[in-house]
Amino acid sequence: MILGSDIHASAVAIDGQGVLILGPSGSGKSTLALRLIGSGGILIGDDRIALRRDKEEVIAAPPDRIAGLIEARGIGLIRTEFAPAPVRLVVDLGREERERLPPIRHTAVMDMSRPLVLGPLSDHLCPAICLLLRGGRLDPEADL
């Protein structure tokens with residue numbers, strides 16, 4: 001459950017839908033964010049994310065001091081466009097998905113339920129997130 005308004009995370013918007021990326025230091029949060037940006041996403045923020053409730057939405061935005069900056073290991077800080085967006089999906093790179101066809105999982109973000117995808121970072125995670133946000137997914141327990 002994510003309660004705080006300023007958390008250690010990265011976030012990217014795909015077609016205006018925010019993906020909140022969680023995980024311990026070194027788990028690949030910035031790497032996944034860079035891959036999502038390379039696939040057409042827009043940075044929300046890297047390393048720290050400010051969350052706020054707006055009615056039935058949780059809005060993710062960067063803290064002012066690091067807005068528009070993302071870390072690329074071995075390169076340094078890169079400046080890019082950024083925009084706040086509502087959180088539609090949470091990806092936790094610190095928790096491993098053990099099931100091949102997992103049930104649809106959820107987590108609470110500021111008392112709002114959001115779909116949850118577990119890591120770790122893999123080659124197919126970036127395109128799968130893009131497709132998931134654009135097309136949804138089937139629940140193997142209910143839809144097959």
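The structure is a predicted model, in which local features need pLDDT of at least 70 and side-chain atom pairs count only at pLDDT 80 or more, while totals for chains, interfaces and linings use all residues. Residues are numbered from 1 along each chain as its sequence is written, and side-chain values use heavy atoms, with hydrogens and water left out.

**Nonpolar cores**

- The largest nonpolar core has 20 residues, of which Ile7, Leu20, Ile49 and Leu51 touch the most other members. A nonpolar core is a set of buried Ala, Val, Leu, Ile, Met, Phe, Trp, Tyr and Cys residues joined through side-chain atoms within 4.5 Å. Buried means under 20% relative accessible area, exposed over 50%, and partly exposed in between (1.4 Å probe, protein chains only).
- Two or more residues of this core come from each of strands S2 (10-14), S3 (17-22), S5 (48-54), S6 (57-61), S9 (85-96) and S11 (112-119). Helices (H or I, at least four residues) and strands (E, at least two) are DSSP runs, numbered from the N terminus.
- Another core, of 18 residues, lies apart from the largest one and has Ile21, Ile70, Cys126 and Ile129 among its members.
- Leaving aside residues up to four places away in sequence, Leu20 is in contact (heavy atoms within 4.5 Å) with residues including Ile2, Ile7, Ile49 and Leu89.

**Strand S2 and its partners**

- Five of the five residues in S2 are buried. Ser10, Val12 and Ile14 point one way from the strand, and Ala11 and Ala13 point the other way.
- S2 and S3 run antiparallel and are joined by five bridges; two strands pair if DSSP finds at least two bridges between them.

**The hairpin of S10 and S11**

- Strand S10 (residues 105-109) pairs with S11 in the antiparallel sense over five bridges, with Arg105 opposite Leu116.
- Two residues lie between the strands of this hairpin, where Met110 takes a positive phi near 50 degrees.

**Thr31 in helix H1**

- Thr31 belongs to helix H1 (residues 29-38). Thr31 counts as partly exposed because its relative accessibility is 36%.
- Thr31 and Glu71 are 40 residues apart in sequence, and their C-alpha atoms are 8.5 Å apart in space.
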